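Keep the structure in view as you read. The text takes up contacts between side chains, then strands, then the surface.

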Amino acid sequence: MSMRKRNKKGITLIELVVVMIIIAIGAVLLVPNIGGWLPNYRLRSATRDIVSTLRTAQMKAVSNNTEYQVFFNPGAGTYILQYRDTGGNWVNEGATQTLPSGIQISAPFPGNIAHFNTNSTSSTGSITLQNTKGAQKSITLTTSTGRVKIID
């Protein structure tokens with residue numbers, strides 16, 4: 001008498017359908033939360049990017065012994081890093097950066113410029129970013145030290 005052994009490896013169609021239903025339910029529950037989370041993520045991301053550009057301008061001003069500035073265009077929602085060449089002209093360094101959609105700049109630095117000197121000092125001022133939900137983050141510069149600070 002020979003008995004046949006059944007191969008019990010693999011998954012059944014019913015198990016696969018159950019897993020797909022669980023994934024679908026999870027997706028339905030997550031989608032509405034993403035809509036509420038996205039504007040705040042964009043605000044934090046834009047703030048970090050601007051602070052990074054400002055700190056880069058400060059470090060380059062000191063290390064290259066050349067004045068640097070970040071020029072903001074609030075109407076277009078863009079900003080760009082610039083340096084002063086030997087002829088006294090401002091030259092763009094890198095590409096123009098664009099704010100994420102739904103992020104607006106208000107109360108920009110005087111003249112829309114954050115200026116950094118070769119001795120690590122800076123112009124004074126602040127900039128406020130706001131998302132579509134009204135949440136805000138401000139970035140300030142301290143003149144004597146060139147410190148870049150985020151205020152929630």
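A search of the whole structure, which is a predicted model, turns up three salt bridges. Each one is taken in turn below.

Start with Glu93 and Lys60. Their closest N and O atoms lie 2.3 Å apart, and the two residues form a salt bridge. Lys60 has a relative accessible area of 27%, so it counts as partly exposed.

Next come Arg84 and Glu67. Their side chains meet in a salt bridge, at 3.2 Å from N to O. Again, distant parts of the chain are linked, here 17 residues apart. Arg84 lies in strand S2, residues 78-84. Glu67 lies in the loop between H1 and strand S1, which spans 68-73. How accessible are the two partners, Arg84 and Glu67? Arg84 is partly exposed, because its relative accessibility is 29%. Glu67 is partly exposed too, with a relative accessible area of 25%.

The remaining salt bridge to visit joins Lys137 and Asp152, with the closest N and O atoms 2.4 Å apart. Lys137 is in strand S7, and Asp152 is in the segment after S8. They stand 15 residues apart, and the pair links distant parts of the chain. Is Lys137 buried or exposed? At 16% relative accessibility, Lys137 counts as buried. The cut-off for buried is under 20%. Asp152 counts as exposed, because its relative accessibility is 71%. For exposed, the value must be over 50%.

Now turn to the sheet that includes S7 and S8. Four strands form this open sheet, in the order S4-S6-S7-S8, with antiparallel pairing. Its edge strands are S4, residues 104-106, and S8, residues 148-151. Each of them pairs on one side only. On average, neighbouring strands are turned by 25° against each other, direction ignored.

Look at the pairings one by one. S4 meets strand S6, residues 125-130, over three bridges in the antiparallel sense. There, Gln104 stands opposite Gln130 in S6. Four bridges join S7, residues 136-141, to S8. These two strands run antiparallel. Ile139 stands opposite Ile150 in S8. The hairpin of S7 and S8 has six residues between the strands, and Gly146 in it takes a positive phi near 75°.

Aromatic rings come next. The count comes to four aromatic pairs. One of them brings together Tyr68 and Tyr83, with ring centres 5.9 Å apart and planes at 40°, so the pair is tilted. Tyr68 is in strand S1 and Tyr83 in strand S2, 15 residues apart. Tyr83 is partly exposed, at 26%. Elsewhere, Phe72, Tyr79 and Phe109 form one aromatic cluster.

Finish on the surface. A nonpolar patch there has about 1,000 Å² of accessible area together. Its members are Ile11, Leu13, Leu16, Val17, Val19, Met20, Ile21, Ile23, Ile25 and Leu29. Ile21 is found in helix H1, residues 13-64. Ile21 counts as partly exposed, because its relative accessibility is 46%.

Terms used:
Residues are numbered from 1 along each chain as its sequence is written. This is a predicted model: local features need pLDDT of at least 70, side-chain atom pairs count only at pLDDT 80 or more; totals for chains, interfaces and linings use all residues. Side-chain values use heavy atoms; hydrogens and water are left out. Two strands pair if DSSP finds at least two bridges between them. Axes are lines fitted to C-alpha atoms, for helices over the stretch in contact, and angles run from 0 to 180 degrees between N-to-C directions. Patches are made of residues with over 30% relative accessible area and no salt bridge: like charges are joined within 9 Å, nonpolar side chains (Val, Leu, Ile, Met, Phe, Trp, Tyr) within 5 Å. Accessible areas come from the Shrake-Rupley method with a 1.4 Å probe; for residues, only the protein chains shown count as cover. A salt bridge is a side-chain nitrogen of Lys or Arg within 4 Å of a carboxyl oxygen of Asp or Glu. Buried means under 20% relative accessible area, exposed over 50%, partly exposed in between (1.4 Å probe, protein chains only). Rings of Phe, Tyr and Trp (its six-membered ring) pair if their centres lie within 6.5 Å; planes under 30 degrees apart count as stacked, over 60 as edge-to-face and the rest as tilted.
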